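Let's take a friendly walk through a protein model together. Have a look at the strands and the aromatic rings as you go.

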Amino acid sequence: MASGMKTVTKVLRAPEMREGAGFLVRRPIGSSLPSAETDPFLMLDELVPTNYAPGEFPGAPWHPHRGFDTVMYLKAGEGAHHDSMGNSGVLHAGDCQWMTAGSGLIHD
């Protein structure tokens, strides 16, 4: 095996669940795998591909985070973000947002 190459050790079907105000996600990390296999990641969600009309996406109500980072990569469409630090913006297809919660913040 060439230096730096990794071997796939497990292939799984990510369980689907409702999140936020009811949108569907696939969560391969943070639901069924032991943390010893996923450390340092707490959770990995993929929004199930769905075609929403403008304003139809149920979103996520304001909720807190503390002590970890979240990363969002948008493959298609757009999504708005707001937080209690006064940050806001709209992400478009291909955009990536990295949010450091630090000692705590609330966002939607």
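We begin with the sheet and then turn to the rings.

This is a predicted model, in which local features need pLDDT of at least 70, side-chain atom pairs count only at pLDDT 80 or more, and totals for chains, interfaces and linings use all residues. Residues are numbered from 1 along each chain as its sequence is written, and side-chain values use heavy atoms, leaving out hydrogens and water.

Strands here are DSSP runs (E, at least two residues), numbered from the N terminus. Strands of a sheet pair through backbone hydrogen bonds, either parallel or antiparallel. In this model, three strands make an open sheet in the order 1-2-3, with antiparallel pairing. Strand 1 (16-19) and strand 3 are at the edges with a single partner strand each, so one side of each has no neighbour in the sheet. Two strands count as paired if DSSP finds at least two bridges between them; strand 2 and strand 3 have three. Arg26, for example, has Glu46 in strand 3 as its bridge partner.

Now for the rings, which pair if their centres lie within 6.5 Å; planes under 30 degrees apart are stacked, over 60 edge-to-face, and the rest tilted. There are two aromatic pairs by this rule. Phe23 and Phe57 form a tilted one, 5.0 Å centre to centre with 35 degrees between the planes. Phe23 lies in strand 2 (residues 23-29) and Phe57 in the loop between strand 3 (44-47) and strand 4 (63-65), 34 residues apart. Tyr52 and Phe57 form an edge-to-face pair at 5.0 Å and 80 degrees. Together, Phe23, Tyr52 and Phe57 make one aromatic cluster.

Conventions:
Phe/Tyr/Trp six-rings, centres within 6.5 Å; stacked < 30°, edge-to-face > 60°. Helix = DSSP H or I, 4+ residues; strand = E, 2+ residues; numbered from the N terminus.
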